[in-house]
Amino acid sequence: MTEEKPQAIIIGGGLAGLSAACELADHGYKVILAERRSSLSGRAYSFADPQGQGEVDNGQHVFLKCCTYYIRFLQRLGVWDKTRLQKRLRVTVIDPRAGASTLEGSSLPAPFHLLPSFLRFRHLSPLDKVRAAYAMLSILFTDRTKNSNLDSISFYRWLKDHGQTEAAIDRFWNLIGLATLNDNVRKVSADLAMMVFQEGFLKRANGANVGYAAVGLTSLVGTEARRYIEERGGRVLLGQKTEDLLLEEERIAGVRLADGSVLRGEWYVCAVPHQMLLAVIPPDLRADPFFGRASKLTTSSIVNIHLWYDRPVMDLDFAAFINSEAQWVFNKSKMWDLADDGQYLDISLSGARHYIDLSNEEIIERFTRELRKLFPKARRAQIERCLVVKQPQATFAPVPGSSKYRLPCRTPIENLFLAGDWTATGWPATMEGAVRSGLACAREILRLAPRSVQKGGRQETIETPTETCLGGNLHLSSVRSKA
Ligand SMILES: Cc1cc2nc3c(=O)[nH]c(=O)nc-3n(C[C@H](O)[C@H](O)[C@H](O)COP(=O)(O)OP(=O)(O)OC[C@H]3O[C@@H](n4cnc5c(N)ncnc54)[C@H](O)[C@@H]3O)c2cc1C
């Protein structure tokens with residue numbers, strides 16, 4: 001007799017909800033995922049180009065090779081071949097006044113792999129390089145688990161305490177910190193920033209190799225994640241906003257959807273952004289200090305400016321800029337292999353709160369002028385069209401002290417779990433953090449309710465994983481490097 005599958009209900013179809021759903025579905029759970037929007041993939045999404053033929057991402061998303069759980073999630077869905085990952089880190093850094101210089105990996109082992117290019121890096125003085133090397137080694141040898149003070153100070157303060165000059169902070173530390181943490185190093189927690197440098201740049205020689213999707217973000221994940229869940233007996237409900245969770249006898253008893261229907265299951269994973277958590281949890285729990293902590297997290301903005309030129313103006317796949325407002329520019333034509341005479345560029349601005357209130361016209365005027373300064377070929381080129389995508393609440397702000405507001409996956413309600421890039425993953429707000437958080441919830445459910453599942457016609461007992469937050473447990477061996 002076939003055993004009835006236990007039901008898991010997931011609220012939110014971003015990467016966190018999807019990774020929880022796929023893991024549970026793989027282990028014999030009947031999953032129902034309810035997403036309020038009409039498509040999956042959450043904040044990492046693309047939409048049909050309103051004037052063109054293809055897709056536009058809400059914003060350029062990159063991942064690093066140290067994002068092993070995100071990479072394995074893509075491999076699990078069978079979409080890894082729709083991404084590109086550098087074999088060796090190579091980032092060109094352009095200063096409109098001083099020219100270009102490249103940070104790249106070498107055959108030396110970590111933490112020395114960047115040293116040859118760092119010595120050639122023209123944007124830092126020799127003395128700043130010596131000081132930066134000293135700070136890098138201090139980061140490498142810092143045991144963050146034993147230094148709880150690090151989350152209460154800014155990375156800027158830590159850098160100043162370790163001899164870094166303003167020039168080195170702007171031209172080196174912030175170049176990496178702003179893009180990976182989504183805020184200026186003057187505003188971010190030293191702990192989270194050090195985590196990025198340890199995982200990406202110091203522990204392994206290939207940790208910071210840059211990867212990106214070669215297709216639109218919704219195309220990358222949305223369709224295949226849905227297929228994956230449905231093939232395993234699950235259901236995906238799109239356009240179904242969760243109004244609230246129903247509490248009965250200190251357990252979640254159901255999910256009330258906007259159309260009035262109620263979904264009932266044994267386990268519930270709430271994978272919505274932190275700003276939406278309190279609206280969804282049962283009214284009786286909203287005053288609970290545990291859940292209330294999430295509302296203390298603040299947000300940081302991202303703005304992307306999409307420009308379609310009538311001819312190529314940039315030769316590189318992407319580049320970072322110092323002494324320029326442009327931050328990072330991505331050559332989407334090259335990254336997506338678009339066959340076109342023109343060129344599609346995406347300027348990605350992190351920590352972009354001061355651009356949110358500017359009009360789109362003003363932003364476009366400002367940045368097209370900037371690109372004419374940065375790329376001589378842009379001076380003769382025509383811009384055929386442009387699009388500004390503002391995400392005022394793109395991610396939680398990784399300010400000092402934010403870690404105490406990031407909630408664990410387990411809650412005081414036994415059958416309710418929390419997932420999302422904002423939960424206590426130990427990572428900044430990233431796709432990697434989101435995937436890890438979903439897996440942590442799924443594995444916690446599997447640990448609490450181990451069961452036998454039918455796989456390929458034979459009875460298989462699920463091992464109960466011991467890890468719950470997945471922190472520091474990287475499996476690089478399963479990650480293939482691609483050109
Ligand atoms: C412009 C931009 C650029 C970024 N760049 C990068 C990058 O380069 N690299 C990187 O790693 N990360 C990047 N990020 C961050 C990354 O996108 C997020 O960390 C990740 O997508 C978060 O996933 P999530 O599942 O935690 O949350 P979300 O993606 O926000 O998913 C939550 C889902 O819940 C749904 N939902 C909310 N309320 C309800 C409700 N009541 N009922 C039902 N559904 C609900 C939402 O519609 C959403 O689909 C970027 C983010 C933005 C916005």
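## Around the ligand

Let's start with the ligand in this predicted model. It has 35 residues around it, and E35, R43, H61, V62 and D421 are the closest of them.

In E35, an N or O atom of the side chain sits 2.6 Å from an oxygen atom of the ligand. A16 uses its backbone instead: one of its backbone N or O atoms is 2.9 Å from a ligand oxygen. Q60 also takes part through a polar backbone atom, this time 3.4 Å from a nitrogen atom of the ligand. How much of the ligand does the protein bury? On its own the ligand would expose 1000 Å², and the protein buries 95% of that.

## Where the shell comes from

Which elements give two or more residues to the shell around the ligand? They are helix 1 (15-26), helix 9 (274-280), strand 19 (383-396) and helix 14 (431-448).

Domain 1 (7-45 + 216-296 + 402-461) and domain 2 (46-85 + 211-215 + 298-396) each supply at least three of its residues.

## Three domains

The protein is divided into domain 1, domain 2 and domain 3, and domain 3 covers 103-204. Notice that domain 1 and domain 2 are each written as several stretches of the chain.

Take domain 2 and domain 3 as a pair. Their centres, taken over C-alpha atoms, are 25 Å apart. Where they meet, domain 2 brings 16 residues to the contact and domain 3 brings twelve. About 1000 Å² is buried between these two domains, with carbon and sulfur atoms giving 59% of that area.

You'll find P111 in the loop between strand 8 (99-104) and helix 3 (115-120).

Next, look at E250. This residue is not a glycine, yet it has a positive phi of about 65°. E250 belongs to the loop between strand 11 (242-248) and strand 12 (251-257).

## R122 and its partners

Last stop: R122, in the loop between helix 3 and helix 4 (126-140). Which residues does R122 touch, if you skip those up to four places away in sequence? The answer is A98, G99, A100 and S101.

A98 and R122 are 24 residues apart along the chain, while their C-alpha atoms are separated by 8.0 Å. A polar atom in the side chain of R122 lies 3.3 Å from the backbone oxygen of A98.

How values were computed: Residues are numbered from 1 along each chain as its sequence is written. This is a predicted model: local features need pLDDT of at least 70, side-chain atom pairs count only at pLDDT 80 or more; totals for chains, interfaces and linings use all residues. Side-chain values use heavy atoms; hydrogens and water are left out. A residue is near a molecule or strand if one of its heavy atoms lies within 4 Å of it. A polar contact is a pair of N or O atoms within 3.5 Å; within protein, one must be able to donate a hydrogen and the other to accept it, and residues adjacent in sequence count only if both atoms are side-chain atoms. Accessible areas come from the Shrake-Rupley method with a 1.4 Å probe; for residues, only the protein chains shown count as cover. Helices (H or I, at least four residues) and strands (E, at least two) are DSSP runs, numbered from the N terminus. Domain bounds come from an automatic or database domain assignment. Contact means heavy atoms within 4.5 Å. Buried area is the accessible area (1.4 Å probe) that two parts lose on being put together, summed over both.
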